[in-house]
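Hi,

Here is the structure I said I would pass on.

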Amino acid sequence: MYKSTFSLLFLALCLNINSQITPFNPEPTNDGWKTENQLLGNESIKKMDSLISINEFKEISSVVIAHRGKIIFENYYNDNNKDTKHNTRSATKTITGTLIGTLIENGSIKSVSQNASKFSKVKNLQNADNRKDKITIEDLLTMSSVLECDDWEESSRGKEDRMYLIEDWVKFYWDLPIKGFPEWKPKPKDSKYGRSFSYCTAGVVVLGDIINNVSGSLEKYADKALFSKLGITDYHWQITPTGLPMTGGGLGLKSRDLLKIGQLYLNKGKWNDAQIISENFVEESTKPHAEVGMFDYEYGYLWWLSSFGKELKKKSFFMSGTGGSKIAVFPELDLVVVLTSTFYSGGMKSHNQTTKLLDEYIIPEIIKLKK
């Protein structure tokens with residue numbers, strides 16, 4: 001077994017199987033990105049590239065790294081290329097939050113403190129309760145509303161698998177009962193940030209309904225207010241049974257375009273001198289508002305918050321999707337990393353392996369570049 005693994009690794013190191021012919025040489029295009037070979041000859045990155053190529057890191061589809069505003073590494077694996085539109089799964093949620101930020105920037109929404117039901121109106125609700133009217137946009141952005149919705153709990157009435165069985169996903173959310181807090185579970189007031197986190201895709205679908213109702217067309221608005229301003233022209237929305245673009249997951253985007261979303265936040269809401277979202281919204285989005293309760297993660301406005309690095313941990317906010325995809329931003333390092341993966345059956349293994357790529361290969365080498 002060990003001999004076989006060594007042989008595969010040796011072959012990959014020699015031939016760089018399934019990887020680009022000129023490694024670490026990202027091609028300049030007309031998509032707005034500059035390139036620079038800052039990692040040319042880096043042995044650790046070469047090793048990472050080869051291990052991905054022989055599938056030691058399973059089903060990785062792309063790795064793209066931008067440092068100081070320039071792409072310094074770019075490679076695609078498992079028959080993917082720079083034109084592949086990756087299914088971002090739940091990383092889509094962060095883009096939904098970004099669109100909320102653009103509506104605040106242009107004054108269509110006053111603040112995240114406004115009640116969600118003002119913009120997302122559903123009639124003939126099940127489990128009618130006045131407390132539903134007090135759910136704010138911020139509650140949805142932070143996965144901390146009072147409704148019983150938890151994708152990580154098999155018995156939850158709001159689990160997303162149950163949502164997919166019916167036609168109206170927005171009504172599915174508003175029909176949910178109020179969450180209960182038995183004695184053994186901490187109440188929101190007893191939590192670190194005064195919020196009780198539970199991962200809820202249906203709540204982000206409601207944010208999509210809000211964007212659609214405020215703008216008149218979510219799809220047209222997203223293109224006008226965000227994608228076209230970033231030079232993103234080739235993407236694919238999944239559509240819900242009622243015709244609404246799915247804002248909880250599944251948006252198809254190229255790796256370089258995902259990189260632009262991360263860079264937008266690294267630039268405090270600016271792209272090419274245009275203020276697309278406010279600096280204040282970026283700050284609020286990327287600071288902790290809720291404790292996740294696993295792996296020391298915290299949660300902002302549809303951004304995950306954690307630190308990466310083998311020895312020297314560096315703070316990051318990142319988008320995350322099933323399969324292990326991550327779009328991670330490291331302000332201290334002036335760094336954005338896109339890792340896409342189709343390891344959908346891997347559960348936590350898929351997330352752990354992209355964490356390992358950051359911890360053991362990418363972050364240590366970028367730290368060396370900063371010296």
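If you want a spot to start from, Lys 34 stands opposite Lys 70 in strand 3. Bear in mind that this is a predicted model.

Strand 3 also pairs with strand 2 (residues 60-67), this time antiparallel and through 6 bridges. Strands 2 and 3 make a hairpin with 2 residues between them, and Arg 68 in the turn has a positive phi of about 55 degrees. As for cover, strand 3 (residues 70-76) has 6 of its 7 residues buried.

Now the pockets. The largest one has a volume of about 750 Å³. Its lining takes in 34 residues, and Ser 90, Trp 152, Glu 160, Tyr 199 and Thr 322 are the ones nearest the centre. Helix 5 (160-163), strand 11 (314-321) and helix 11 (348-370) each give at least two residues to that lining. By type, the lining of the largest pocket splits into 12 nonpolar, 14 polar and 8 charged residues.

The second largest pocket comes in at about 540 Å³. It is lined by 21 residues, with Asp 150, Lys 185, Ser 196, Phe 197 and Ser 198 closest to its centre. The lining of this second largest pocket divides into 7 nonpolar, 7 polar and 7 charged residues.

Cheers

Methods
Residues are numbered from 1 along each chain as its sequence is written. This is a predicted model: local features need pLDDT of at least 70, side-chain atom pairs count only at pLDDT 80 or more; totals for chains, interfaces and linings use all residues. Side-chain values use heavy atoms; hydrogens and water are left out. Buried means under 20% relative accessible area, exposed over 50%, partly exposed in between (1.4 Å probe, protein chains only). Helices (H or I, at least four residues) and strands (E, at least two) are DSSP runs, numbered from the N terminus. Two strands pair if DSSP finds at least two bridges between them. On a 1 Å grid over the protein atoms alone, a cavity is a set of points where a 1.4 Å probe fits but cannot get out, and a pocket is an open set with protein on both sides within 12 Å along at least five of seven lines; lining residues have an atom within 4 Å of a point. Grid points are joined across faces, edges and corners, and a volume is the space filled by probe spheres set on the points. Ala, Val, Leu, Ile, Met, Phe, Trp, Tyr, Cys and Pro count as nonpolar, Asp, Glu, Lys and Arg as charged, and the others, Gly among them, as polar.
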